[in-house]
Amino acid sequence: MTTYCKIALIAAAGYLVTPASFADTPAATDDIKQQLSQLKAQIAALEARLAEQEQQQSELTEQQQQLASRQDTAKATDTSADGIKLGGAIRTNYSHTSYNEGNKNRGGDFDFDIFRLNLNGSIGNVLLNAEIRFFDYMSAVKYAYVGYQFTDDWQVQAGITKVPFGNWPYNSHNWFFSTNYYIGLEDDHDLGILFKRNISDNWQLDLGFFKNDELGGVDGYVESRADRYSYDIVGFRLPGDGIYDDPSQPLGEYNTFSGRFGYHLNHGELKTELGVSALAGGLHNGQTRAGDYNAWALHSNSYYHNWNLQLQYSQYHYDIDGVERMAVGAYAFYDSIAAEATSATVNLAYSLPVEWGPVTGLQFYNNYGLVYDKSDGSRDTMMNVTGVSVAAGGFFTYFDLVHAKNQPFVGGSASGDSSETERRFNINIGYYF
């Protein structure tokens, strides 16, 4: 800007002294000399003013750079500072069911679901992540572990951490999860150590060793082994035992190895993870090893624009001589599952960003799951969930219409033998902070 002004002024001065611009007389010459002198004085004054403005601009730029540098330093300090953040959620639930006459007569029931607290952060580069849930009827730690990022690609977690298996982090989109959750093959957490390799060169790997379940195994010091978030084996059933009875033959999982491998493929707008998972461990009765168990799965998770398709095929087997039915525990009650079975799930979802006041996103989904080829001779377990989730500020709400056979929390048991299809309409409203 300064150079341009100088050139313009000099050009103007040159125009004024061009021979064609004045008469060739002494008087005219004296007058022009006087004008030229005045013009030179004006140019000098302008140059002085421009020099002053340049100095002011330079000082302002330096101040802005110093301020930006201080802000960057403050951000870096905040990012690297130790600290633990507290968060959580409060959730309520409405349900209208086909299998409870009282519920139907009342037009459904609206109940308190959970109050939960989350801790997340780091101290001295050691990570902390924990969640505890409080229900009317129990409290349960979902996970609680410390972690350390010992290389750019590898992280280690120790404590109650997630068992790597199947589509990650969930093999479902709805509030009820999939049928796999109720046989211990989705969102399961146990006590152990987990090594996680981040996505790099298109693949990731999770390897875990779990000493026992989150309640200390078969002889853990707890009031009830059913007071837990995720499903685990707590015993086996003998002929004549009720499917909801307290287990009279206790068992606990121990020394379990689990691994999950995922390979990521990108083809234009289509992004897919193809994966394989497997786990194997022992079953203990409190005195000696009573048997073994294992499971494996093939799974895929694909995204195309706003669409998400999840597929999973799984098999599991609890191997104890003469036993065809196992006891499981979660949510303060006991249930039963076949000692061996096959599972298949198909989940489709469509995410729709919106701007409707506080509502910023909708996800429409249909999740289908089937557990079949059961060793105990019970009928298939089927669950189909059609619904939509709504994100609005701190609120997140599920609207689910469930149709199911022999499905826990939908009028049945995973070892049930009913041919009836039950229905449940459910709304779960949560505020997250």
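Helices (H or I, at least four residues) and strands (E, at least two) are DSSP runs, numbered from the N terminus. This is a predicted model, in which local features need pLDDT of at least 70 and side-chain atom pairs count only at pLDDT 80 or more, while totals for chains, interfaces and linings use all residues. Residues are numbered from 1 along each chain as its sequence is written, and side-chain values use heavy atoms, with hydrogens and water left out.

**View 1. The protein has three helices and 19 strands.** Of its 433 residues, 44% count as buried (under 20% relative accessible area; exposed is over 50%, partly exposed in between; 1.4 Å probe, protein chains only). Among contacts (heavy atoms within 4.5 Å) between residues at least 6 apart in sequence, 59% join residues at least 24 apart.

**View 2. Strand β1 pairs with β2 and with β19.** Two strands pair if DSSP finds at least two bridges between them. β1 (residues 83-97) and β2 (residues 109-123) run antiparallel and are joined by 13 bridges. Leu 86 has Leu 119 of β2 as its bridge partner. The pairing of β1 with β19 (residues 422-432) is also antiparallel and has nine bridges; here His 96 stands opposite Phe 425 of β19.

**View 3. The largest pocket has a volume of about 1,200 Å³.** On a 1 Å grid over the protein atoms alone, a pocket is an open set of points with protein on both sides within 12 Å along at least five of seven lines; a cavity is a set of points where a 1.4 Å probe fits but cannot get out; lining residues have an atom within 4 Å of a point. Grid points are joined across faces, edges and corners, and a volume is the space filled by probe spheres set on the points. The largest pocket is lined by 47 residues, of which Arg 91, Asn 93, Asp 113, Trp 175 and Tyr 331 are the closest to its centre. Two or more lining residues come from each of β1, α3 (101-106), β2, β3 (126-134), β4 (139-149), β18 (395-405) and β19. β2 gives the most, with six residues. By class, 21 residues of this lining are nonpolar, 13 polar and 13 charged (Ala, Val, Leu, Ile, Met, Phe, Trp, Tyr, Cys and Pro count as nonpolar, Asp, Glu, Lys and Arg as charged, and the others, Gly among them, as polar).

**View 4. The largest cavity holds about 170 Å³ of space.** The count of cavities of 30 Å³ or more comes to four. Twenty residues line the largest cavity, and Gly 184, Asp 188, Glu 253, Tyr 293 and Tyr 318 are the closest to its centre. The strands β8, β9 (252-267), β11 (289-304) and β12 (307-319) each supply at least two residues of the lining. Twelve lining residues are nonpolar, four polar and four charged.

**View 5. The second largest cavity holds about 80 Å³ of space.** Its lining includes Lys 162, Val 163, Phe 165, Asn 167, Trp 168 and Pro 169. Gly 184, Leu 185, Glu 186, Asp 187, Asp 188 and Leu 279 also belong to this lining. The lining has six nonpolar, two polar and four charged residues.

**View 6. Strand β6 pairs with β5 and with β7.** β5 (residues 154-162) and β6 (residues 189-200) are antiparallel, with nine bridges; Gln 157 has Leu 194 of β6 as its bridge partner. β6 and β7 are likewise antiparallel over nine bridges, and Phe 195 stands opposite Leu 207 of β7. The hairpin of β6 and β7 has two residues between the strands, and Asp 201 takes a positive phi near 55 degrees in this hairpin.

**View 7. Leu 215 is in the loop between β7 (203-213) and β8.** Leu 215 counts as buried because its relative accessibility is 17%. Leaving aside residues up to four places away in sequence, Leu 215 touches Gly 220, Tyr 221, Val 222, Ser 224, Arg 225, Asp 227 and Arg 228. Gly 252 is 37 residues from Leu 215 in sequence and 9.8 Å from it in space, C-alpha to C-alpha.

**View 8. Three strands form an open antiparallel sheet in the order β8-β13-β14.** The edge strands, each pairing on one side only, are β8 (232-236) and β14 (333-338). Neighbouring strands of this sheet are turned by 40 degrees against each other on average, direction ignored (axes are lines fitted to C-alpha atoms, for helices over the stretch in contact, and angles run from 0 to 180 degrees between N-to-C directions). Six bridges link β13 (residues 325-330) and β14 in the antiparallel sense, and Ala 330 has Phe 333 of β14 as its bridge partner.
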